[in-house]
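Student: I would like to learn how to read aromatic contacts in a protein model. Could we go through them step by step?

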Amino acid sequence: MNSSKTRSRIGVLYLSLLALLLGFGATIARAQESAVAQPPATDSTRHHREQNTLIIWAGDKAHVNPDFLAVIDFDEHSPNYGKVLRTVPLTGPSAIGNEPHHVGLSADGKTFVGGGLLSVLRGQDQVFFFDVSHPRDPQFIRSDNPPHASIADEFDSLSNGGFFGTFMGSPDGANPGRLVEYDANQRYVQAWPLNPPSDGFDPHGLAIDEAHNLILTSDFICPLHTLNVSGGDEVLLRGSVRVWDFTKREIVKTITVGDPSSPAGTIDVGLIPGDRKQRAFTAGMADNKLYLIDPKEGTATAVYDFAPFAIAGAPTWPQLFRINRDGTRLFITLNYAGNAGEVVLFDISRPEHPKVLSSVNLGPGSGPHYLNLTKDEKRLVVSDYFLVEDLAPGGVVRAEGDHKIHVLEVSRDQIKLDPRFDLDFNRDISTGPARPHGITILPGSGDDE
């Protein structure tokens, strides 16, 4: 009796052990099959998924050669890091002398748009679209000259695949400007608002929050008055932020920023991600202040004075900025009219009391303006050029910079220059010195080269 029970228990144990071994073997087999079907990511494939390509919208300094896109190797592990891989020049009657300015990227990352700030002076198209599905091999799609608008500036994407673009002037370069809409097929939709205000509506900065039915634009300057024309040769700045109803494409509120008798020059505006009040920041280029905007209350509060960054012999000129995804850090360029350059990092976790965390001095003659932050928020790319009005009839703005591109390494509380990245558009463009402006950062692969 006991012997039979013992044999039975041994049998059960043996069968259990056999099943366990068979199951373990099947698990190993499945793992091996999976390993064959999906090989582990190598350094190479991983880098191809990263943002390893810069596309820079630039113009020939002499206005002799076509304006172009420069494709730059942005892969930190590449021996060509910081090198020009190719340029893609414009062709046709609108190819030269557009003064390439700001840029945008569609929501799906496949369409690039660049604006010609001064295309209107030569009667040319002002908006240029490229297919960047293969980031290292951009293909020109088409150009456009929207009615009712000139002096193309900022672009931002829409969830429907289209774009909004700010235009500081009407067709003759004076105010009122417009907010121009394009659809997902790069076709003109409408210039907004249908009945623009006449009180200095010259939109430059742009911020969109579709989820909260909100658009903000910032008025900067009357472009016509900066030119060497009758009634020109002056700087007629603006100081206001417009609050829009996104759905209706209508301005519902105008917020005065700073002293209306001495306009602040509100060059940029940016919403704070995750802010419950949908607040934003704007920079006063003329009064050297950072303002906190409350669209609901209709207020603009000065929260930082850039006086500590002043230098002798040049205005400070705080210009464009970027805010990180969690709304706690702000990066801003100080242009010094192209005589010097600084990039400043703020802690804005308490928006009413921004705190300087770090800054980088870019040296004499640098003049930083445009900047862009990588998706992983570990690198900030900055271009050293604002604007020189040397297309006929010429103008009063002369902020050349040194035409370099800088990469700053970003940590939570510090920014520092990446010395490995060395790109100079005076030296590295085969057709001669060029002026780099708008920057887009994209993933690319060796297959595109």
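Tutor: Rings of Phe, Tyr and Trp (its six-membered ring) pair if their centres lie within 6.5 Å, and planes under 30 degrees apart count as stacked, over 60 as edge-to-face and the rest as tilted. This is a predicted model, in which local features need pLDDT of at least 70 and side-chain atom pairs count only at pLDDT 80 or more, while totals for chains, interfaces and linings use all residues. Residues are numbered from 1 along each chain as its sequence is written, and side-chain values use heavy atoms, with hydrogens and water left out.

Student: How many aromatic pairs does the structure hold?

Tutor: The structure holds 19 aromatic pairs. In one of them, the ring centres of Trp-57 and Phe-130 are 6.4 Å apart with the planes at 65°, so this pair is edge-to-face. The pair links distant parts of the chain, since Trp-57 lies in strand β1 (residues 53-60) and Phe-130, 73 residues apart from it, in strand β6 (residues 127-131); strands here are DSSP E runs of at least two residues, numbered from the N terminus.

Student: Is Trp-57 buried or exposed?

Tutor: Buried means under 20% relative accessible area, exposed over 50% and partly exposed in between (1.4 Å probe, protein chains only). Trp-57 has a relative accessible area of 0%, so it is buried, and Phe-130 is buried too, at 1%.

Student: Which residues form one aromatic cluster with Trp-57?

Tutor: Phe-112, Phe-128, Phe-130 and Phe-140 form one aromatic cluster with Trp-57.

Terms used:
Helix = DSSP H or I, 4+ residues; strand = E, 2+ residues; numbered from the N terminus.
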